[in-house]
Amino acid sequence: MGINRMNEASPTRAEHAAGMAAYMAEGERRAQAIDNRGPVRFDADGKLHADILEAYWKDGYYVFEGVIDADEIAQLRAGTSNMIERAPVNRDAKVDAQGRPALGLDFARDPYTFAKPLSDPWGGTGVLGGRHPSQMTQPTPEADAPEDVPFLMRGMCMTMDSGLRLYGHPHLLAIAEAINGADFVPFNDAIFVKQPGLGGSVAWHQDGVTHWESADWDEGIHGFNFQVQLYPTTAGNCLWVIPGSHKDGRIDIKRLVAENGGSEQLPGAVPLICSPGDVTMVNRQALHGSFANTSPDLRVSITFGFHRRSSVLGQKGALSMESDDVYDEQRIFDRAAVIAVAIDARQQHYPDETPFHYQPFAGLKDDYRLTEETFRRVIWDYNVKDLAI
Ligand SMILES: O=C(O)CCC(=O)C(=O)O
């Protein structure tokens, strides 16, 4: 039987996991019937294969298999583990578990967001534009659980060499170009950490907050997010998506949950089950979320997104950006420069790989090579210029 949080007290970790079993099995069956996963494929002109584009626009998500090789995944695991180890011991602390100064004390944006174990920090609150209106089940953590766990980690292009290189990945950037046009622009990045028995939930939501009433609203106007999976994902710890929901406009999530008897186990959803090195692409208008991780498996998802330039230019700061920020030409150029430096960082590390040609920086490559100077000028605190909509 599913969990109905209106009628039941907070379940234990084991009760929650048991209450998910039937829903997970059904979701896995549904996911297998949808033909939208496989390796990245390009046509003879080097453009993303039309079949992939069609599947993405139909369902609002795609699972690219085996994009990142094992060696690069190992580097990314080392980078993210280092970030986790260097996190402050709790949300108010200045030192990590070994008593060292925590990472990020000198960053303009705190790299860490903490959550109480197995909690839902956003559901039913007004944070992030109130886009998570319904709170998920918050199972009771085990007695030895820490007070706070890292939930989100930001700034991968300045905190992890491997993170900066990943941001310049030629296949991922070619996909971004195919979806959002050659003048595509970045959004932001965040690493979701869902430790076994501790990781919190991300309540059902649609990401975009800017264009729901726009005269030129369409299925792609709020862009998309990649998630690079560092560990195998399972139905118990992964992101879930409702296929096709990116076409539905703004969805009344509270009503959906109420019509589902108050249960967060929304009908029709599919789990994005991946192997390490797989990369998911999810339309930011698709209804998606993840449950408290009562499973025995760690999930670390490196999440970063891209937009159409026209969706961002002239808009104001939203979500975690200041509302008086204006996304003018300069702001977009400065944030997009991270892509240019990332492409060079990758080229320096993988000289045999064909680099991505990022059209907005055509002719400017020499000014955006990775050097100590560009690291200071372009990469340091780059995420105060994120382009959230
Ligand atoms: O990975 C998750 O659990 C949540 C991801 C998410 O909500 C997002 O990328 O917008």
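Strands S8 (residues 240-241) and S11 (residues 288-290) pair up in the antiparallel sense over two bridges; strands here are DSSP E runs of at least two residues, helices are H or I runs of at least four, both numbered from the N terminus, and strands count as paired if DSSP finds at least two bridges between them. Trp240 has Gly289 in S11 as its bridge partner. This is a predicted model, where local features need pLDDT of at least 70, side-chain atom pairs count only at pLDDT 80 or more, and totals for chains, interfaces and linings use all residues. Residue numbers start from 1 along each chain as its sequence is written.

The pair belongs to an open, antiparallel sheet of four strands, in the order S6-S11-S8-S9. S6 (202-205) and S9 (270-271) sit at the edges with a single partner strand each, so one side of each is left without a neighbour in the sheet.

S11 also turns up around the ligand: S11 and strand S12 (299-307) are the elements that give two or more residues to its shell. That shell is made up of Phe192, Val202, Asp207, Asn225, Leu239, His288, Ser290, Ser301 and Thr303 (C-beta, placed from the backbone, within 6 Å of the ligand). By class, three are nonpolar, five polar and one charged.

As for the largest nonpolar core, it has 100 residues, with Cys157, Val241, Met281, Val338, Val341 and Ala342 making the most contacts inside it. Such a core joins buried Ala, Val, Leu, Ile, Met, Phe, Trp, Tyr and Cys residues through C-beta atoms within 7 Å, buried meaning 20 or more other C-beta atoms within 10 Å of a residue's own. Helix H10 (residues 329-349) gives the most to this core, ten residues.

How values were computed: A residue is buried if 20 or more other C-beta atoms lie within 10 Å of its own, exposed if 12 or fewer, and partly exposed in between; C-beta atoms are placed from the backbone. Ala, Val, Leu, Ile, Met, Phe, Trp, Tyr, Cys and Pro count as nonpolar, Asp, Glu, Lys and Arg as charged, and the others, Gly among them, as polar.
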